[in-house]
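Opening my notebook on a structure that is new to me. I'll jot down what I look up as I go.

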Amino acid sequence: YSELAVRFNENSLEQCRTSVSALAGCVAGILGLTSYKGFLFYALSMLMLSVTIFVVIRHEHRKFFTNLNHIFTNGFFNGLLTYVLFW
């Protein structure tokens, strides 16, 4: 693995999560989602982002990330803070 390339890909994933978190927070606020419905909306939006990234890179995830779990778990809680800020 190229450490520089892996770091760049993880940084790009983090930026995608932050952007989707901000957008999802705005949408949840506009829709008036409160309590657990708002947090469920966040979880679903992050799941949709992860699945979309996984579908795009398909079975070539080893070219982009050292572990498949990075796509689904990396930056989840950092995105949560951004989501709550925009919510």
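Which residues in helix 2 meet which residues in helix 5? I find G38, F39, F41, Y42 and M46 in helix 2 meeting F76, G79, L80, Y83 and V84 in helix 5, where contact means heavy atoms within 4.5 Å.

A note on ground rules. This is a predicted model, with residues numbered from 1 along each chain. Local features need pLDDT of at least 70 and side-chain atom pairs 80 or more, totals for chains, interfaces and linings use all residues, and side-chain values use heavy atoms, leaving out hydrogens and water.

Next, the packing. Helix 2 (residues 35-57) and helix 5 (residues 76-86) pack at about 130°, their axes 11 Å apart; helices are DSSP runs (H or I, at least four residues) numbered from the N terminus, and axes are lines fitted to C-alpha atoms over the stretch in contact, with angles from 0 to 180 degrees between N-to-C directions.

Then the rings. I get 6 aromatic pairs in the structure (Phe, Tyr or Trp ring centres within 6.5 Å, using the six-membered ring of Trp; planes under 30 degrees apart are stacked, over 60 edge-to-face, the rest tilted). F39 and W87 are edge-to-face, because their centres lie 5.1 Å apart with planes at 85°. F39 sits in helix 2 and W87 in the segment after helix 5, so this pair ties together parts 48 residues apart in sequence. Y83 and W87 make a tilted pair, 5.3 Å centre to centre and 35° between the planes.

Definitions and conventions:
Helices (H or I, at least four residues) and strands (E, at least two) are DSSP runs, numbered from the N terminus.
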